[in-house]
Amino acid sequence: MEENRKDSAIVLGAGLAGLSAGYHGGFPVYEAANYSGGASYSYAVDGFVFDIGIHILQSKDDYFLSLLKNLNVDLVSRQRSGWIYSYGCLSRYPFQVNTSHLPWLVRARCVAGFIAAGKGNSPANYEQWMIQQFGPGFASTFLIPYAEKFWGCSPSEMTFEWVGNRVPRPRLTEVIKGMLADQETKLGTHAYFQYPSDKGVGFAAIARALEKKIEPVHYRMKATGIDPQTKTVIFNDGEKRVGYRRLISTIPLPELIRLLPQHPAEVKTAVERLRHNSIAVVNLGINRAVLTDKHWVHFPEKDISFFRISFPGNFTDGLNPPETSSIQAEVSYDAAQPPEREELLQKVISDLVKTGIIDGKDEILVKDVFYQKYGYVVYDHHRRDSVKTLHDYLNSLDIYPCGRYGAWEYLWSDEAMQSGRRTAESLGKRC
Ligand SMILES: Cc1cc2nc3c(=O)[nH]c(=O)nc-3n(C[C@H](O)[C@H](O)[C@H](O)COP(=O)(O)OP(=O)(O)OC[C@H]3O[C@@H](n4cnc5c(N)ncnc54)[C@H](O)[C@@H]3O)c2cc1C
């Protein structure tokens, strides 16, 4: 079947970036799945609602927040209850101002290192940056092991251009105070955060609201080829062909390049150099009324399988059945070697018991695993040049990648939406 959109741009992908591009540009959106939301999707299993890994809103962007208001996405505000599990105990986030539960020697090393930190040459990589900013004590106790576990590579292979205010640097007085007593601080971007309040919907409330405002999204339309000469996208192995004037793509860059019939050697090299981690999201429904009032816990230590757990039922009401609780554990893996489902479930459950999060006797009502192949883009030393090569090449073909995996950036949901909006608006003027 042939469809002609030669007078318009079309959008690939109905995640938040694609929906936003469709909404702001008035362009049709084509999505491989039978639902919208992409990485910001949520789904229910026997009455327990889970997002694709922890999703909270920490946006201060006026445009984004007023857009949500206009879309009637109601939000609840929460004061963070974030924690770190280390040396067999729980300390409040951020670790740098909450060392009072740690052995004295570790505390002393962390604080002494912090006092001497902040000096020296400009760091050459993310590992050096952590040592320079926080000192060797904090770096080796928490930051480096967590980074290795989370990113699946050594932080010495990464740049720190993406850090921004994601790793907060406290004042020395706060660090010293934190040696002696637990402190609830406002450090970091998510001291207060928001979450959609729609009962039983989850983070997907944003995508659902946006999808209602655009011409129907074309679901079950997987792009399987692009002919840049005739400006045609081939869907579902030839079932449908859509001609376009300009193509906005939010699908992951490596997948997008694969859709093109051929490309120059430098493009091939650039795409081979792109790196990302993958996240296995393990979702559990527990037959216990109030497991905890915490929102999330980080786990830097290597003998625990997950780097983070969260408690979806504490974000808003209605995300699990009455008198139950839910836990979501996130495990980073290499896309080439996804962990086997049953083994992963067993390991996660035994680590939850080992760390005292659940009791061995707790009844587990729901066990679910979601594999998010494209998790976080790894900012290694090739990323910037590779992305530029790929974007320049794609733009020369009138293809405009955006969103978290099109821009190939560490974008939060609001930033992904802004990326879709900017791309649509810039093309809108030229279309
Ligand atoms: C584990 C995890 C935790 C996160 N936590 C937070 C958080 O706490 N707060 C926050 O704000 N953000 C968070 N994010 C980021 C947020 O999820 C993303 O920024 C946002 O959802 C990205 O939207 P996108 O549209 O750019 O990409 P995606 O959501 O990936 O959308 C791309 C779409 O393209 C579709 N597609 C792929 N291939 C094809 C094809 N061949 N043809 C047609 N369609 C195709 C996909 O199905 C998908 O719907 C998190 C992300 C992850 C992975």
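Which residues in α3 meet which residues in α5? I began there. W104, R107, A108, V111, F114 and I115 in α3 meet L172, V175, I176, M179 and L180 in α5. Contact here means heavy atoms within 4.5 Å.

**Ground rules**

I noted that this is a predicted model: local features need pLDDT of at least 70, side-chain atom pairs count only at pLDDT 80 or more, and totals for chains, interfaces and linings use all residues. Residues are numbered from 1 along each chain as its sequence is written, and side-chain values use heavy atoms, with hydrogens and water left out.

**Helix α3 and its partners**

I looked up the helices next. Helices (H or I, at least four residues) and strands (E, at least two) are DSSP runs, numbered from the N terminus. Helix α3 covers residues 104–116 and helix α5 covers residues 172–180. Their axes lie 10 Å apart, at an angle of about 175°. Axes are lines fitted to C-alpha atoms, for helices over the stretch in contact, and angles run from 0 to 180 degrees between N-to-C directions. So α3 is roughly antiparallel to α5. The words have cut-offs: under 35 degrees is roughly parallel, over 145 roughly antiparallel, 65 to 115 roughly perpendicular, and the rest oblique.

I sorted the α3 and α5 contact by class: 10 nonpolar, no polar and one charged. Ala, Val, Leu, Ile, Met, Phe, Trp, Tyr, Cys and Pro count as nonpolar, Asp, Glu, Lys and Arg as charged, and the others, Gly among them, as polar.

Then I checked α3 against helix α4 (residues 126–151). Their axes come within 5 Å and cross at roughly 155°. That makes α3 roughly antiparallel to α4. From α3, the contact uses V106, R109, C110, G113 and F114. From α4, it uses Q133, F134, G135, P136, G137, F138, S140 and T141. I get six nonpolar, six polar and one charged.

**Helices α8 and α10**

How do the axes of α8 and α10 cross? Helix α8 (residues 265–273) and helix α10 (residues 383–396) cross at roughly 130°, with axes that come within 8 Å. That makes α8 oblique to α10. The crossing is left-handed; that is, the near helix is turned anticlockwise from the far one by less than a right angle, while clockwise would be right-handed. E266, V267, A270, V271 and R273 of α8 touch S386, T389, L390 and Y393 of α10. The classes are five nonpolar, two polar and two charged.

I found a cis peptide bond between Y93 and P94, with omega about -5°. P94 sits in the loop between β7 (89–92) and α3. R220 is not a glycine, yet its phi is positive, about 50°. R220 belongs to the loop between α6 (205–212) and β9 (223–227).

**Spaces**

I searched a 1 Å grid over the protein atoms alone: a cavity is a set of points where a 1.4 Å probe fits but cannot get out, and a pocket is an open set with protein on both sides within 12 Å along at least five of seven lines. Lining residues have an atom within 4 Å of a point. Points are joined across faces, edges and corners, and a volume is the space filled by probe spheres set on them.

One cavity of 30 Å³ or more turned up. The largest cavity holds about 50 Å³. Its lining includes Y93, R92 and Q183.

The second largest pocket has about 310 Å³. Of its 17 lining residues, N165, R166, Y410, W412 and E415 lie nearest its centre.
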